[in-house]
Amino acid sequence: MAELLMLREAVERFVQNGDTVALEGFTHLIPTAAAHEIVRQNKQDLTLVRMTPDLVYDLLIGAGCAKKLIFSWGGNPGVGSLHRLRDAVEKGWPRALEIEEHSHADLANAYVAGASGLPFAVLRAYAGSDLPKVNPLIKSVTCPFTGEVLAAVPSVRPDVTVIHAQRADRKGNVLIRGILGVQKEAALAAKRCIVTVEEIVDDLQAPMNACVLPTWALTAVCLVPGGAHPSYAHGYYERDNRFYQAWDPIARDRDAFTAWIDTHIRGTTDFAAYRAKIAQQQEAN
């Protein structure tokens with residue numbers, strides 16, 4: 001059953017050095033606040049999993065938290081490269097980063113397999129692709145019924161999955177609205193799951209066919225309004241496009257990046273303090 005906790009306590013208790021950690025959320029509901037707290041607590045030697053690594057993983061990699069990245073596509077959406085990711089892969093700064101690349105379909109199926117308690121996923125994919133040449137974990141199996149050769153990949157079963165959602169009730173049940181991505185599958189595949197939410201209510205008022213994660217499938221629920229910024233949260237706030245654009249010159253330079261996280265993450269007590277600092281800077285500009 002999920003505990004209602006402060007994010008600081010949830011990360012301290014449930015994200016351990018050396019863990020495999022998935023922070024999922026597609027286009028919106030990206031768990032930025034949780035990524036900040038992982039940096040703030042200086043968690044180390046993490047294997048990070050995400051279908052679309054963007055700014056949150058650029059932060060974690062640049063802060064030296066990650067030893068490996070399992071992913072399918074990575075970039076600053078609509079802007080360009082993830083410069084901290086590139087620096088780690090190409091030049092080993094701040095530490096060398098092992099990468100394991102998959103296709104979107106592959107990684108989505110790997111999460112489904114993990115959520116189903118299966119050791120691997122099977123899919124019809126990779127015909128003509130060079131990815132199997134650089135990822136030896138992409139194998140092939142022959143169907144025992146038809147003889148068809150299919151791709152097979154290991155399931156993804158994180159030690160911890162972290163997601164952001166709109167609403168939780170006081171029992172720890174969580175309602176997710178809008179684009180789901182693989183949040184549900186990633187949550188169910190994990191040994192532990194932390195969910196940050198915009199609000200905690202007495203009644204979820206979940207509509208018919210809504211995605212509700214039950215409290216028994218979760219470990220901790222944390223109230224963090226605005227916790228997906230700069231991504232958007234459907235029904236709550238819009239995407240902060242200016243932030244994504246501003247991130248590019250910050251992340252390009254090692255000193256600028258280090259100064260930014262020292263000021264905005266390591267130099268703040270929590271995500272509310274971080275948001276207040278960002279708001280002051282945006283008003284000044």
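Begin by selecting P230, which is found in the loop between strand 13 (220–223) and helix 8; helices (H or I, at least four residues) and strands (E, at least two) are DSSP runs, numbered from the N terminus. The peptide bond from H229 to P230 is cis, with omega near 15°. This is a predicted model, in which local features need pLDDT of at least 70 and side-chain atom pairs count only at pLDDT 80 or more, while totals for chains, interfaces and linings use all residues. Residues are numbered from 1 along each chain as its sequence is written, and side-chain values use heavy atoms, with hydrogens and water left out.

**A further cis peptide bond**

Select W93 and P94 next. A cis peptide bond joins these residues, with omega about 0°. P94 lies in the loop between helix 4 (83–91) and strand 5 (98–101).

**Helices 8 and 9**

Select residues 241–252, helix 8, together with residues 254–264, helix 9. Their axes come within 5 Å and cross at roughly 120°; axes are lines fitted to C-alpha atoms, for helices over the stretch in contact, and angles run from 0 to 180 degrees between N-to-C directions. Helix 8 is therefore oblique to helix 9, given that angles under 35 degrees count as roughly parallel, over 145 as roughly antiparallel, 65 to 115 as roughly perpendicular and the rest as oblique.

Display the side chains at this crossing. From helix 8, F243, W247, I250 and R252 meet R254, A256, F257 and W260 of helix 9; contact means heavy atoms within 4.5 Å. By class, this contact has 6 nonpolar, no polar and 2 charged residues. Here Ala, Val, Leu, Ile, Met, Phe, Trp, Tyr, Cys and Pro count as nonpolar, Asp, Glu, Lys and Arg as charged, and the others, Gly among them, as polar.

Keep W247 selected. Leaving aside neighbours within four places in sequence, W247 is in contact with L55, D58, L59, N76, F257 and W260.

**The nonpolar cores**

Which residues have the most contacts inside the largest nonpolar core? They are L48, L60, I194, W247 and W260, and the core has 49 residues. A nonpolar core is a set of buried Ala, Val, Leu, Ile, Met, Phe, Trp, Tyr and Cys residues joined through side-chain atoms within 4.5 Å. Buried means under 20% relative accessible area, exposed over 50%, and partly exposed in between (1.4 Å probe, protein chains only). Helix 3 (residues 55–62) gives the most to this core, with 6 residues. Apart from this core lies another, of 18 residues, among them A22, M51, L107 and A186.

Now select helix 3. Of its 8 residues, 8 are buried, so helix 3 is largely enclosed by the rest of the structure. Helix 3 is followed by G64, whose phi is positive, near 85°.

Within helix 3, centre the view on L60. L60 is buried, with a relative accessible area of 0%. Not counting residues up to four places away in sequence, L60 touches L23, A35, I38, V39, L48, C65 and A66.

**Strands 3 and 4**

Select strand 3 (residues 46–50) with strand 4: 5 bridges join them, and they run parallel. Two strands pair if DSSP finds at least two bridges between them. The bridge partner of R50 in strand 4 is F71. As 5 of the 6 residues of strand 4 are buried, this strand is largely enclosed by the rest of the structure.

Is W73 buried or partly exposed? W73 is partly exposed, with a relative accessible area of 42%. W73 has a positive phi of about 80° although it is not a glycine, and its place is in the loop between strand 4 (66–71) and helix 4.

Move to L29, in the loop between strand 2 (20–23) and helix 2 (32–40). L29 has a positive phi of about 55° although it is not a glycine. L29 is buried, with a relative accessible area of 0%.

**Strands 6, 7 and 8**

Finally, select strand 8 (residues 149–154), which pairs with strand 6 (residues 120–123) in the antiparallel sense over 4 bridges. V122 stands opposite A152 in strand 8. Strand 7 (residues 139–142) and strand 8 also pair in the antiparallel sense, over 4 bridges, and S140 stands opposite A151. The hairpin of strand 7 and strand 8 has 6 residues between the strands, and in this hairpin G147 takes a positive phi near 80°.
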